[in-house]
Amino acid sequence: MKPFARIILVSSLALAAGIGAYGATPVAVSLGITFPEPTDVYGLHLSPIAIGEGPLTVTGLSLGAVDSLVMDEVRGIQVAGFFSFGWPSGADITRIYGCQMSGVIAGVDSVNGIQAAGVFAGTDDMTGLQLAGLFSMAGSKGIRGVQIAGLLSQAAYCRGVQISLWNGSESMCGVQIGLMNFAVPAEDGWVLQMGLVNGIGRDSMSGWLEGTRYFPIVNFGW
């Protein structure tokens with residue numbers, strides 16, 4: 001073995017041993033259950049199918065054939081054929097710093113980066129780009145960025161852009177583009193709507209008919 005190759009091999013083994021000493025692993029596999037037992041992954045998490053607990057954290061790539069489950073945090077990429085999601089341990093939430101993608105459903109508590117799914121993308125707290133084939137949803141902490149869906153984009157709180165057939169936000173500062181748009185401007189915000197039916201509510205008590213001003217094609221309010 002050449003000296004350089006020997007140095008690389010020894011360094012790699014030392015790194016793996018050092019990581020393992022701190023309750024972590026460079027590779028984990030979820031096949032029913034996760035091997036080694038739930039731990040921190042610095043490298044690669046392979047998930048043919050995850051049932052029960054997944055790794056506590058993944059720094060690197062979590063790749064699932066059917067689903068990918070990470071308990072507390074991903075720093076990197078989480079991607080799966082059908083379902084990418086988080087299941088927090090204890091009272092914590094699951095956070096994504098990077099990218100979460102799935103062929104059908106992507107769901108997690110908090111995303112900083114990109115969340116994309118073929119059917120449904122949902123999170124309680126979104127910063128970045130949320131993209132879904134049908135439904136994109138941002139919960140109580142809403143979205144700061146861009147929300148795009150084929151049918152419905154919904155956010156309790158939105159600072160940015162919504163693009164969908166039907167867009168809705170209870171507290172909006174930004175732009176809505178779609179066939180139907182409904183929003184209530186935030187106290188310090190404004191709303192620009194472009195679509196066939198555009199409704200801007202006076203306050204959080206506004207309904208479809210009461211307290212809402214409609215205007216076709218382009219509507220603006222604050």
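User: How many salt bridges does the count come to?

Analyst: The count comes to three salt bridges. A salt bridge here is a side-chain nitrogen of Lys or Arg within 4 Å of a carboxyl oxygen of Asp or Glu. Keep in mind that this is a predicted model, where local features need pLDDT of at least 70, side-chain atom pairs count only at pLDDT 80 or more, and totals for chains, interfaces and linings use all residues. Residues are numbered from 1 along each chain as its sequence is written, and side-chain values use heavy atoms, with hydrogens and water left out.

User: Which residue does R144 meet in a salt bridge?

Analyst: D125, at 2.3 Å from N to O. D125 sits in strand β9 (residues 120–132) and R144 in strand β10 (residues 135–149), so the pair ties together parts 19 residues apart in sequence. Strands are DSSP runs of E, at least two residues, numbered from the N terminus.

User: Is D125 buried or exposed?

Analyst: D125 counts as buried, at 18% relative accessibility. R144 counts as partly exposed, at 30%. Buried means under 20% relative accessible area, exposed over 50%, and partly exposed in between (1.4 Å probe, protein chains only).

User: And what does R159 pair with?

Analyst: R159 meets D188 in a salt bridge, 3.7 Å from N to O. This pair links distant parts of the chain, 29 residues apart: R159 is in strand β12 (residues 158–163), D188 in the loop between β14 (180–185) and β15 (191–195). D188 is exposed, with 65% relative accessible area.

User: Which residue does R75 bridge to?

Analyst: E73, with the closest N and O atoms 2.9 Å apart. R75 is partly exposed at 42%. E73 is partly exposed too, at 22%.

User: Switching topic. How many disulfides does the search find?

Analyst: Zero, over the whole structure. A disulfide would be a pair of cysteine sulfur atoms within 2.5 Å. For C173, the nearest cysteine sulfur is that of C158, 8.7 Å away. C173 is buried, at 17% relative accessible area. C99 counts as buried as well, at 13%.

User: What makes up the nonpolar surface patch?

Analyst: It covers about 850 Å², and its residues include V27, V29, L31, I49, F82 and F83. Patch residues have over 30% relative accessible area and no salt bridge; nonpolar side chains (Val, Leu, Ile, Met, Phe, Trp, Tyr) are joined within 5 Å, like charges within 9 Å. Areas come from the Shrake-Rupley method with a 1.4 Å probe; for residues, only the protein chains shown count as cover.

User: Which strand gives the most to the patch?

Analyst: β1, with three residues. β1 (24–35) and β2 (40–50) each supply at least two. I49 lies in β2 and is partly exposed, at 34%.

Technical notes:
Helix = DSSP H or I, 4+ residues; strand = E, 2+ residues; numbered from the N terminus.
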